[in-house]
Amino acid sequence: MNQTAFLPAPGVRPSYSPSMQLARRIMRNLPALLGAAVIFWMIVVAILAPVIARYPYDQTDLNAVEQAPSAQHWFGTDALGRDMFSRVVWGARSAVFVIVMVTVVDLALGLPLGAMAGYFGGWIDTLVMRVADILFAFPGLLFVFFIAATIKPGILAWAKSVGLGDLARSGYLDYAVVIIALGVVGWAGLARLVRAQVLTIKEREYVISAHAIGVPTWKVIFRHVLPNSIAPIVVALSMGMGDIALSEGYLSFLGIGLQPPAPSWGNILADNAGRYWRTFPQMIWLVLIPGLVLAAVVFAFNFLGDGLNEALNPEIST
Amino acid sequence: MATLLDVKGLKTEFHTQDGVVHAVNGVSFSVDEGETLGLVGESGCGKSVSVLSVMRLIPQPPGKIAAGQVLFQGRDLLKVDDEEIRSVRGNKIAMVFQDPMTSLNPVLTIGTQIGEALELHLGMTKEQARKRSVELLKMVGIPEAENRLDDYPHQFSGGMRQRVMIAMALSCSPQLLIADEPTTALDVTIQAQIVDIVKRLKSELGMAIIWITHDLGVIAGIADRINVMYAGFVIETAPVKEIFANPLHPYTLGLLASIPRLDASRKSKLTPIDGLPPDLIEMPKGCPFYDRCTYRTERCANENPALELAAVRHSVACWNWQDVQKMRGAVLSKVV
């Protein structure tokens, strides 16, 4: 008699963690994947800027001004003979640094303040939300311009008083100005979002259940409430990073952000647009390239944000 | 046997925009070591709020424990500081909630969640907690426990999740397990399994249980004693056999009469209790059951009866319980 040929015993079904599921959903979403690729590329360029750039970003060469793109100068040179490719590459480092630092400031202020306001309510809630309301009452960019344009003398004086005069002259303080101006305004939106999330999550049974097994309050907030509120926060942060890149561009374009020769896509644009707009379309690439790069980065963050939104909330997929 | 939990005159209220909701109005009960107490009553009668008050899990505000004592092993839990109550929660008193679908944190694995109490109260390392979690999952009858430890709640069915909740609750070998309608959200066959698991674990571990339910059928098989609650009062308390054989409060009688029976004739209808419980914001000054009672007298409208001893270990809060005892024959004949 023949033995029945059974199939091999079933294996243990793999269990997908939420982050693996998220990655899989992003991989299937083309715009989000493109966005992630652009952002990844920008970060690589920012980190490797000294290797990738072929000249120092501020090296002038008066024998080679206003050159068209060529093998020596891929994106051409500007009126002072600075290599445009190198400046754009170094600009990525400025952009990434500002984006990361402003996001850190937003998170450091918005996450704990919003979580406390939502979880404890009472006077903490009133205080945090009224301050946020005040920040919201101003048109966003106007307030950023106001801060950026007014805090610099204060920061300069402070830097000199603590013996950092060299640093003050070197231009690094401009980064602080931009980060503070964007951070001071940016946390309020995040705090509101976190508060709204915490308000709904803290009533969930698993939060009461965590209290019922004796978990301390701060641990309940950080282990049970916040991780369950994270989806819209991640989406808002991703979209927000695009906004930060754009705002840094605005500030530097208007001359109250990063100052030349510090490389910023905003001040490169301002520099060249101011010089060549009369003779349009002469030297058009000097304006077009930093503009397109900045636009690509802003779009990338927004595509990724949209993709994250769909991946984290599958029920609203369009 | 020694008294484990002694609740005296507990009053819990909620301050809302519409007024003060008197959810629990001076409830007293006690649980002996190893005893199973059933808390029975309809929705909103204060069952859950009284046990949440015992654990100090009432959200404050709007909730407020206005009066009373909760003596657990002689210590008043309403007076100890936050750190001390946390060392009691999950460690000496543990709780299983009604809806297993929402009582587990969706972003943490089952292993992490069971391990949380072990690491917190017993000071175990992650490794030790993992080992113990596997034992606990086996104890509540989850197959392939080692493999399931890294699964997330959504990968479990409702009945399995309730087993996980029970495993979590029992992780630190509590002296008192509070089960807040643990079978209500489950279908009947799973209900029976959960009841069996709890009964078996009780005989193995010997903890006391407070089992909240509105299903007298479930409680009959598991409780030693039953407290019937209505509108925030305990209106009758007796050993479980006594409650079924000799119900003295008209409300208890009504509850028993409204249980569907398999052996009833197909034409017979269920006997509901007419009307609704009183508005907990404007409590009547007399008996809270007055509006719905078929045994009411003038005295009931003006004076709220306190619990009085009617038989051995059997107390009832009704002015007319002796009349109920004489007249209930027709109702009772349908029940037993």
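The structure is a predicted model, in which local features need pLDDT of at least 70 and side-chain atom pairs count only at pLDDT 80 or more, whereas totals for chains, interfaces and linings use all residues. Residues are numbered from 1 along each chain as its sequence is written, while chains are lettered from A and ligands numbered from 1 in the order in which they are written.

When neighbours within four places in sequence are left aside, Leu176(B) is in contact (C-beta atoms, placed from the backbone, within 7 Å) with Leu4(B), Leu5(B), Val31(B), Lys92(B), Ile93(B), Met207(B), Ala208(B) and Ile210(B).

In chain A, the axes of helix 4 (residues 84-120) and helix 8 (residues 172-201) come within 6 Å and cross at roughly 35 degrees, the axes being lines fitted to C-alpha atoms over the stretch in contact, with angles that run from 0 to 180 degrees between N-to-C directions. Helices here are DSSP runs of H or I with at least four residues, and strands are runs of E with at least two, numbered from the N terminus.

In chain B, 8 of the 8 residues of helix 1 (residues 47-54) are buried, so this helix is largely enclosed by the rest of the structure; a residue is buried if 20 or more other C-beta atoms lie within 10 Å of its own, exposed if 12 or fewer, and partly exposed in between, with C-beta atoms placed from the backbone. Helix 1 of chain B is followed by Arg56(B), whose phi is positive, near 55 degrees.

Positive phi values also occur in two loops. Met283(A), with phi near 55 degrees, has its place in the loop between helix 11 (265-276) and helix 12 (285-312) of chain A, and is buried, with 20 other C-beta atoms within 10 Å. Glu144(B), with phi near 50 degrees, lies in the loop between helix 4 (126-139) and helix 5 (145-148) of chain B, and is exposed, with 11 other C-beta atoms within 10 Å.

The contact between the chains takes 26 residues from chain B and 17 residues from chain A. On the side of chain B that touches chain A, helix 2 (82-88), strand 6 (93-96) and helix 3 (110-121) of chain B each supply at least two residues, and the largest share, 4 residues, comes from helix 3 of chain B.

Notes. Contact = placed C-beta atoms within 7 Å.
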